[in-house]
Every structure is written in C-alpha cells, then in structure tokens.
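Thanks for making the time today; I would like to walk through one model with you, going from the contact between its chains to its pockets and then to a few local details. Please have the sequence and the structure open while I talk.

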Amino acid sequence: MLEIKNLHVKLEEEDKAILKGVDLALQAGTVHAIMGPNGSGKSTLSYVLSGRDGYEVTEGSASLEGADILEMEPEERAAAGLFLAFQYPVEIPGVGNMTFLRTALNSQRKARGQDEMSAADFLKLIREKAKTLKIDADMLKRPVNVGFSGGEKKRNEILQMAVLEPKMCVLDETDSGLDVDAMKLVAEGVNALRDAGRSFLVITHYQRLLDHIKPDVVHIMADGRIVKTGGPELALEVEANGYADILAEVA
Amino acid sequence: MNVVLQKKQSAAEARLGAMALPQSAAWMMSAREDALARLRAMGLPSGRDEYWKYTRPDSLTKAEPDPAAIFHSDEPRLFGQIDRLKIVFVDGAFDAEASDDLEMAGIEIHRLADISATDIHWSRDLFELYGTLEARGQSPVERPLAALNTAYATDGIVIRATGKAAKPVSLIYLHNSETSDAILHHVIRVESGAELTVLENGPAAARFNKVMEVDIADGGAFNHVRAQGRDHERRAVTHTFARLGEESVFKSFTLTANGVMTRNEAVIELTGDNAVAHVAGAAVGDGDFHHDDTVFITHDAAGCESRQVFKKVLRNGATGVFQGKILVKPDAQKTDGYQISQSLLLDEDSQFLAKPELEIYADDVACSHGSTSGAIDETALFYLRSRGIPTADAQDLLVLAFLAEAIEEIESEEIAADILSRLQGWLARRR
C-alpha cells in the first residue's frame, strides 16, 4: 500500500535535517503505529506525506500503490487515496461543514473520473456516518471546526475519513487532547473503517490509543529514523519503561 | 476667505455654468434652487477635503464624463427568477416599454419626472420629502455631489408604501451609451407598519450620480439589495439617506464587482427608539478598481441597533476604502453599535484604506468596531487541498467564506443565492 524508502527531509527555510532515512512498508489491510519521543520527526513524516509546504525531500521516495506521491499536489494525493487526520484540525469560518465535505468528496470523485454525488445521496451518506460518530446536525451545519471542542474536532476528522473512504489513513496524534470517552468514540470510528483494502498509520505518543486501535506492527522513531520495529508488545514496553531503554539499546 | 473653499466654489460655478435646472413645477423648482444654493455654498469636493482623502473626486466632478465601454456577459440577468415590479432606466432615461406598469398593491409609485411637472396638491404632499433628507445629511459632513443631484436630477422613482408591498420593486439601470452622464433621484416613504423591498442593479451610465432618500415611519421596514454594474470603466457616486422612526427597520446590502470609481455613501439617522439599521457591502475588484464605502450613522434615540459590515476582496493593485462613523448623541442610551470593515488582499499590490470612527456622547452604550486586512489563510488552504479540493476551488471557497458575513445580511435566501452566483461568476472569470 504505502512504501517509504530512505526518506530524507529538511526544513526549506533552514538547513536542518528532520528525517534522516525513514524506511517503512505497509501492506493493504494492516495497521501500523509509530511511536517516539517529542522531536523525533513523527509529525514531519505525516506532513511530508500529505504535501505540506515548508519541507524539502533531499533523498528517498514515498509511493502509494506504486505511484510516487512526492511528485503530486496535496489534492492529487487525496484523490489517490491518502488521508491525513490532523493533529490540529483547522478552523475555517464561513465554510459550512457540509459544503466542505461535499466539495471534497465530489472533487475527489471528479479527479478519479467518477460522477459527482447528488445532494440527496450525499445527505443520506453523511447522516448515516455522522450518527455513528455522534455528530449532530448542528455540527454539520456549523462552519468547519469553528467553535468545536477538541473532541468534536477529532471526531470531525474521522467523519471526513468515513465519508471520503481513503485507502491510506495517516492519523497524527489523534488522541492528543482527548478524554477517555472521546478517545473511545474516535477509536470506534477508526475500527469501523478497518478493511482488507485500507491501511492505517497511527502516530502517537502514548500506548493508550493502541488499546483501542490494535496495531499489527509498532515502530519506534527517534532522531528522524525508525529505530525499532516489533509487534503490539513493543507499545506496552514503551508504556512501562519509557523510550530511554529502547533508545539506549539501539544506540 | 478660505482659499480652498474659494477654489471649490469657483469649481462649482464653472461646472454649473453649462448646466440648466430641469423644468419643473414651481414647488419642485424651489427644492432644486435650495439644493443649488447649498451646493454653491459648499463648492465641489476637492482632493484637499478630509472626506475625499482616499478617493479622488475629479472624475466625478468634471464637466464631461470619461467614456466607459460596455460589459457583455452570457450570465443570466440578476434577480431574473424573482417575482418583482421592473422599472428600467437606460442611461438614466426611463424606458416605458421595458418597464412594468407602475402599479402594485400596498404601494403608490410614480416617476419623479411626472410628479415634478404638476402642481397638484397630492403630489406635493407626497413629495415634500424631495431633498429633505439630503439637506439634513449635509451636516456635520458636507456631501456636495448629493446636493448637485437634488438640483439637477432628471428622473427617478417616488414610492409611498402604505402596506406590505406585494413584491420587490426592481430598478434596472442599463448602460448603452459609452459617454452617458445620468442623474437619478428616488424618494421613498415607508408608512407606519408598511414593508417594502427595493432591488437595484446595473451600471446605469458611463457616469452615474444617484440619490435615494428613504423615510421610514414608526414600525416600517425597508429592505434594499443592490448590485452595481460590472462595466469596469463606469463611474458612480451614490448617496443613500435614511431616517428611521420608532421600531422601524432599515437593511441595505450592496454588491460591487468591477468599476474604476465607486463612491457609495450611506447617511442614516436613527430618530425613533428601538430602530434597527444594517448596512453591508461586498466588493470584489481587480486592477484599477477603486471602491469607497463611506457610512455615517447617527444614533439620536434610545435602544437602537446599528450594524455596518463591509468586506472587500482586492487583487492586482485594486484599492478599497472604508470610512465608517457611528455618532451616538447624548440621549441615545442603550445604543448597540457594531462596525466591521475587512479586506482580503490577494496580492501585495492591492491596498485597503480604512478610517473607522466612533463619537459617543451617551454613557450607557455598547459599540464595537474592527478593521482588518489580510491575505488568504495558507493553513486553511492546505487543509482544504489535503481533502482533495483543487487549489483554485479551495481559494474561491475561502474568498466566498470571507464575504459570507456581509452576504448573510441579505434577508431573502433567494436573493442571497443570486448575489452569490454573481460572485462565483466573477471568480470563475479570473481562473
């Protein structure tokens, strides 16, 4: 599904390397988690994959189902099936949540050569998806993320994911700022989307999200590299002992 | 004597030398002569005037208008789907053939040119307003081009709303001559408890000077939606004078797309308790676009609410101006005043000049104002793109979102949708 090879990335504005040779391969239908201390490059990896400005790839590659995504515009990556759930979802005053979702869905369909979805069909779809995430009609009508609580913003990210049905979902610290109940709701939303044709890359600081979204593979990232890869037990090890032991072991 | 004033007065004399007051009945003639006297005393506006600091008045005051090419478009006519009473002026001249009959339940409606020719008693009663609100609006700030309008207007519409008007009155201003110079003056009286909506659209002329006086009695409601024509080279100066009685409502929205010179003044007096006045504008401009909103709202009664919402989208060196004032008189306690003026600058060459003013003499009031200028929010743009929305679509979405607060001031959803489609057309032509 997603294949990252020897990815090196630096900040565009300054000569500072952030990713120093990341290798990662996700099979279709799998859930991988990336854990790591602050400043290890986890979020940068998600930004670079989604095509955010300000980063320069100096070496290496990233491909989605064989297509080089680094050459694509952000909207092309989305149409190709990549989705980033933002750590800090953006507030957009004046743009209704429904309008936004419908425009996004139809833009992607158009880019893939499909017909646009009618207003009636879209309404049916969104109502059904919103219900499972406990998103009420008011949240759908309001401007995108404006006045939403932290939990509502994250649920709204998952709603977008559910509506857009991407193949490759990157979740950037989706658990940050969530209480236990909100985290469960978000995790349920993600689990409902687990499918043989869809992969997830879950970036998190803490193991507790992984209690709810069970990963197949766990990676530890430090100083711009994947330093250790293992099964779900690796996340429990981090929870119990912190990163220091693992980092000392691989150093 | 003040040298600047002398110059302004001699400029007025030079301009007026070639103009004759339109023939009218005696009572109308005296209203015109009064306005002429006001104009002579003030002189024409000059670039030295504080009130004309950001907008050069030359092209509006000189004897001959600059020619203006005519804009062609295949887009459907604005308000075309709305059931309305159509009144058409072509380069300032009434077009009887294209207009509907001037008859509608709930209102009396006449042409200014007809009514001003007769000395019969009823027209005088209805018409005594002519120039009254304009004259009141000359203090504390002079508005010479409005006095010029009262003196020389050749036509216009006079409406007295006595009940709920059956449908909107739609004034359509067509522009067929590249050198036309039109002066129109409308007078509207909304009686107690009556309701009226007036729509205006079209470029009108190469140069257009328009005054609308709106007098709203206690409990009356007046709605106004205007779209100023897209002929880019046309020039317009408009004044809206409104006086509001107790618990009356005045709401006005203007869309301006294109135009090398537009000066829209709104002068609103809240004279009865608990009256509400909203005035809003959305302007989109490109290149040598110059657009000026000048608003003066006077609170002279208790518990009134006023709202000014002005948004401008500027690109390729376009200029936007906002001069907005809220004056709260000593007895206007419990005033609720709000004013926002914002520009979205799509490049570094465009400019927005804003002068918000509050002058408050009452002690129990809530007045807020804000003014901002900014570029497209790159973070929001990226968020939209990351969901698959192409850059140009995402940018348009953000431009419309920026204008939304002003468009929301339009009461009718049907009319708001029409205005929105105009904006979408404007954006689409700039892809």
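Predicted model: local features only at pLDDT ≥ 70, side-chain atom pairs only at ≥ 80, totals over all residues.

**The interface between the chains**

Chain B and chain A bury about 1800 Å² between them, with 68% of that area on carbon and sulfur atoms, where buried area is the accessible area (1.4 Å probe) that two parts lose on being put together, summed over both. Of the area that chain B buries against chain A, 44% is supplied by F382(B), Y383(B) and R387(B), which is more than any other three residues give.

Residues are numbered from 1 along each chain as its sequence is written, chains are lettered from A and ligands numbered from 1 in the order in which they are written, and side-chain values use heavy atoms, with hydrogens and water left out.

If we count contacts, meaning heavy atoms within 4.5 Å, then 16 residues of chain B touch 27 residues of chain A. The rule finds three salt bridges across this interface, a salt bridge being a side-chain nitrogen of Lys or Arg within 4 Å of a carboxyl oxygen of Asp or Glu.

Which elements give two or more residues to the side of chain B that touches chain A? They are helix 8 (378–386) and helix 9 (391–407) of chain B, helices being DSSP runs of H or I with at least four residues and strands being runs of E with at least two, numbered from the N terminus. Helix 8 of chain B gives the largest share, seven residues.

**Pockets**

The largest pocket has a volume of about 670 Å³. By pocket I mean, on a 1 Å grid over the protein atoms alone, an open set of points where a 1.4 Å probe fits, with protein on both sides within 12 Å along at least five of seven lines, and lining residues have an atom within 4 Å of a point. Its lining has 25 residues, and G94(A), T99(A), L400(B), L420(B) and Q424(B) lie nearest its centre. Strand 7 (92–96) and helix 3 (97–111) of chain A, together with helix 9 and helix 10 (413–428) of chain B, each supply at least two residues of that lining.

The second largest pocket holds about 530 Å³ of space and is lined by 24 residues, with F71(B), R77(B), L174(B), P203(B) and R230(B) nearest its centre. Strand 5 of chain B makes the largest contribution to this lining, three residues.

**Local details**

The peptide bond from S139(B) to P140(B) is cis, with omega near 5°, and P140(B) sits in the loop between helix 6 (132–136) and helix 7 (144–152) of chain B. In chain A, E173(A) has a positive phi of about 45° although it is not a glycine, and E173(A) lies in the loop between strand 9 (168–172) and helix 7 (180–193) of that chain.

Finally, over all chains the structure holds 46 salt bridges. One of them joins D83(B) and K167(B), whose closest N and O atoms are 3.7 Å apart, and this pair links distant parts of the chain, 84 residues apart.

Methods. Points joined across faces, edges and corners; volume = space filled by probe spheres on them.
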